[in-house]
Amino acid sequence: MLLKAKQKSEAQNQKWEWVETSIWTDRMLATLDNGVKGGKWFSLWDKVIRPETLQIAWKYVKRNKGAAGIDGITIKQFETSRAHFLARLHQKLKEGSYSPQSIKRVHIPKEGGKTRPLGIASVEDRVVQTALRMVLEPIFEKEFLSNSYGFRPGRNAKDALREVDQLLKTGYAWYVDADIQSYFDTIPKQRLMDQVEARISDGRVLELVQKCLEQGVMEDGKKWFPTQGTVQGSPLSPLLSNLYLHALDIEMSEKGYKWIRFADDSVAICESGAEAETILNDINDWMNKNGLTLHPDKTRTGNCRKTGQGFDFLGYHFERGRKTVRKKSVKKLRDRIRALTKRTVGKSAEMIIAELNPVLRGWFNYFKHADVKKFDDVFKETDGFTRRRLRSIFRTQEKRPSFGRCLNDHMSWPNKFFAALGLFDLHVARMSACRSQV
């Protein structure tokens, strides 16, 4: 009996090893596992606002960096007067006078000339939302299903991709690629609050969540108040967005569907075209009932074993039994390389490579399991592209501008020259990874 109790305790500790122990004590975790009385949590406010929680929340915000919000206070400035800012924030929360500032909205370029809206909250508001998330996340995580992978502790995109890959390798061929149109901007706020209130009964915590959802938006010098949606880019948004789609995960699971979701990006893997159409209809019905819409152009079904019917998921493309790097993923990397290797950059080769290597290494670590063809090796082609960009810089510095493609350039700066400088080589890294798997 003692051994079983010890094993149970160890399993519980491992399950919740990511929580903040200063907030979630062993006793609270036991209550979480066993079920809280009435199914709702009370008395959470003191855990949100106490100085220790705000201090830990600040450390997360500092680590994540990010730009200044509408008040212009940067991470560095906040750090300089950290004690003052956190003490003042604690006092405002305690007195009930805290009110979030407006969100500074910017637009990030997307392919095709489109943009993605991103909200930048003030550093102070990010600290408050992070504190809220640390307190609320275990309560919601207890309910979330294993078919959801996005923005969750101990789960990531590679886990979701691995699940898709395994299903396809076991014989499944049909899929439903479900794309929610402008998901973060269209979540019905009151329905989302209903989901929060179904689990939380602390009135002051609920009021704070409501305030975060009702933040104004400052864009192009004009302030407005969104009637729906959560701010994409805020610390609380990923948790709340997962909460709203949790009911969809449950429905897909109860119907026995092979459903894999990463935030608002999801795919269902199935056995036949008829099943795919059934799943798509079920998803569409759920969306209509819950105030959301599937994107009419991006949502589709298909047989990924057939040429031209593959699908994209989390940066990869699945088609005809192969898992390759999505074309958009290659383009994004090349755009990033271009930004770091402008001909007029005015930096030494060592400095440029020091900036390139983390980008190349991070991209490789995510895509190293992609399939490649002998004469269509995205890793080798990208290496060549990077070296050409660098040769072009060197020619410009010698007052001989060109694209770095001619034979003389290769002779002046051969591949081994870049290797000696420590340039990360995608092709060499992939060959090494393949050998280590044998």
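What follows is a conversation about a predicted model and the reasons behind the words used to describe it.

Reader: I am new here, so what does the protein contain in terms of secondary structure?
Author: Welcome! The model is predicted, and its secondary structure comes to 19 helices and eleven strands. The C-alpha atoms fill a box of roughly 75 × 60 × 55 Å along the principal axes.

Reader: How many of the 438 residues count as buried?
Author: The share is 46% of the 438 residues. To count as buried, a residue must have under 20% relative accessible area.

Reader: Which residues make the contact between α7 and α11?
Author: From α7 come V128, Q129, L132 and L136, and from α11 come V205, L208, V209 and C212.

Reader: What makes those residues nonpolar, polar or charged?
Author: The division is seven nonpolar, one polar and no charged. Val, Leu and Cys are among the types that count as nonpolar, and V128, L132 and C212 are examples from this contact.

Reader: How do you know that the buried residues of α11 line one face of the helix?
Author: The buried residues in α11 are V205, L206, L208, V209, C212 and L213. Seen down the axis of α11, they fall within an arc of 160 degrees, so they line one face.

Reader: What covers the buried residues of α11?
Author: The cover includes α3 (45-49), α6 (82-95), α7, α10 (189-197) and α12 (237-254).

Reader: You mention α12. Why are α12 and α13 called roughly antiparallel?
Author: The axes of α12 and helix α13, which covers residues 273-289, cross at roughly 150 degrees and come within 11 Å. Angles over 145 count as roughly antiparallel, and α12 and α13 are therefore described that way. The crossing of α12 and α13 is right-handed.

Reader: Which residues make that contact, and how do they divide?
Author: On α12 they are Y244, L245, A247, L248, E251 and M252, and on α13 they are I279, D282, I283, W286 and M287. The contact of α12 with α13 divides into nine nonpolar, no polar and two charged.

Reader: What makes the phi of K65 worth a mention?
Author: K65 has a positive phi of about 60 degrees although it is not a glycine. In general, most residues other than glycine have a negative phi. K65 is in the loop between α4 (51-64) and α5 (75-80).

Reader: Why does K65 count as exposed?
Author: Exposed means over 50%, and K65 has 62% relative accessibility, so K65 counts as exposed. R320 also counts as exposed, at 55%. R320 has a positive phi of about 55 degrees although it is not a glycine, and is found in the loop between β10 (316-319) and β11 (322-325).

Reader: What makes G310 buried or exposed?
Author: The relative accessible area of G310 is 2%, so G310 is buried, given the cut-off of under 20%. G310 is in the loop between β8 (300-303) and β9 (311-313). Leaving out residues up to four places away in sequence, G310 touches Y175, R300, C304, H317, F318 and E319.

Reader: And why does N357 count as buried?
Author: N357, found in helix α15 (residues 349-367), has 10% relative accessibility and therefore counts as buried. With residues up to four places away in sequence left out, N357 touches G422, L423 and F424.

Reader: How do you know whether G221 is buried or exposed?
Author: At 70% relative accessibility, G221 counts as exposed. G221 is found in the loop between β4 (217-219) and β5 (222-224).

Terms used:
Residues numbered from 1 in each chain as written. Predicted model: local features only at pLDDT ≥ 70, side-chain atom pairs only at ≥ 80, totals over all residues. Heavy atoms only, no water. Contact = heavy atoms within 4.5 Å. Helix = DSSP H or I, 4+ residues; strand = E, 2+ residues; numbered from the N terminus. Buried < 20%, exposed > 50% of the residue type's maximum accessible area, 1.4 Å probe, protein only. Arc of directions from axis to C-beta. Axes fitted to C-alpha atoms, helices over the stretch in contact; angles between N-to-C directions. Parallel < 35°, antiparallel > 145°, perpendicular 65-115°, else oblique. Left-handed = near helix turned anticlockwise from the far one by under 90°.
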